[in-house]
Amino acid sequence: MFIIIPSLVTSVSLTALEPQNTTMHFVTEFVLLGFPGQREMQNFFFSFILVVYLLTLLGNGIIVCVVKWDKQLHTPMYIFLGNFAFLEIWYISSTVPNMLVNILSETKTISFTGCFLQFYFFFSLGTTECFFLSVMAYDRYLAICRPLHYPSIMTGKLCVVLVSVCWVSGFLCYPVPIVFISQLPFCGPNIIDHFVCDPGPLFALACIPDPSTELICYTFNSLIIFGPFLFILGSYTLVLRAVLCIPSGAGRTKAFSTCGSHLMVVSLFYGTLMVMYVSPKSGNPTGMQKIITLVYSAVTPLLNPLIYSLRNKDMKDALKKVLGLRTNQN
């Protein structure tokens, strides 16, 4: 398969610019190679990703609507779940539409600004997801470890504050790292062997290596990943200890089922995330990086509504009730 790569690098002499200590960018566009293979394989990837995208929008959209329409689900646990599902819609939409266009494109180009905008929204939404998973773990800790105090602690006001903090904090974390990376001199080549604008390939394209910026970004990624993860791990350690102290087997089963869905989502999301972004220069082959990225950016948002709805009796009952009401009204 041949890829038409236009001339995307301005013809400015580096030696003429060095005395001026300029930070001007020479690359105006990047080429995202995406998935390799012949046109038949490209068509397969396009069809598969499109189906995953549509099903993800449908599944998470249903959860958002059910939580909104059923007043019995207007509790902190389901408000967090509804916001999480809404987040997943935007999270997958930050990369997949451009990915689909890229598969069909002959040039496979993305503008310099578009690349870093995708970088910003993809990582900001991913960070917001980390924060939401932490808040949901805290909610489960209160419900199981401090059930008598739960209504007085997890009030509607605190719920709104926690939701707001997750959204705002997620979008305030990445402007500084992105500014640092965008100021690196990109003078060519401009080919990224990936389907998203990822920091690793961008660092590799910089004309002048900047180990300090790389160390700052990877340290920042590690803090964003490990901070919420350790909080979740601590919360569920306390939950597990409390569950094991429940005398009745039925009570333990109910407590485990309450936390099981959230633990499955945490395992899926963090398992792939840590492989990609925790250790600098981890040495993952390019093909493996693409597969891992595809899992946590597209497949995980598809599985989350299935996990939460199939394992949650209240959600299944609410879904049946809402669909039944809509059918009766029609």
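This is a short chat about a predicted model of one protein chain.

Me: What secondary structure does the protein chain have?
Reply: The chain has 13 helices and 3 strands. Helices (H or I, at least four residues) and strands (E, at least two) are DSSP runs, numbered from the N terminus.

Me: Anything to know about the model before we go on?
Reply: The model is predicted, so local features need pLDDT of at least 70 and side-chain atom pairs count only at pLDDT 80 or more, while totals for chains, interfaces and linings use all residues. Residues are numbered from 1 along each chain as its sequence is written, and side-chain values use heavy atoms, with hydrogens and water left out.

Me: How much of the chain is buried?
Reply: Buried residues make up 45% of the 330 residues. Buried means under 20% relative accessible area, exposed over 50%, and partly exposed in between (1.4 Å probe, protein chains only).

Me: Which residues touch the most other members in the largest nonpolar core?
Reply: F30, F116 and F186 do, in a core of 71 residues. Helix α5 (residues 112-145) gives the most to this core, with 17 residues. A nonpolar core is a set of buried Ala, Val, Leu, Ile, Met, Phe, Trp, Tyr and Cys residues joined through side-chain atoms within 4.5 Å.

Me: And what is F116 in contact with?
Reply: Leaving aside neighbours within four places in sequence, F116 is in contact with F30, I178, I181, S182, F186 and L202. Contact means heavy atoms within 4.5 Å.

Me: New topic. At what angle do α3 and α7 cross?
Reply: The axes of α3 (residues 76-93) and α7 (residues 156-172) cross at roughly 20° and come within 10 Å. Axes are lines fitted to C-alpha atoms, for helices over the stretch in contact, and angles run from 0 to 180 degrees between N-to-C directions.

Me: What does that make them, roughly parallel or roughly antiparallel?
Reply: Roughly parallel to each other. Angles under 35 degrees count as roughly parallel, over 145 as roughly antiparallel, 65 to 115 as roughly perpendicular and the rest as oblique.

Me: Which residues meet there?
Reply: From α3, P76, I79, F80, N83, F86 and L87 meet C159, L162, V163 and W167 in α7.

Me: Is I79 buried or partly exposed?
Reply: I79 is partly exposed, with a relative accessible area of 30%.

Me: Last one. Where is K108?
Reply: K108 is in the loop between α4 (96-104) and β2 (109-111). K108 has a positive phi of about 60°, although it is not a glycine. K108 is buried, with a relative accessible area of 2%.
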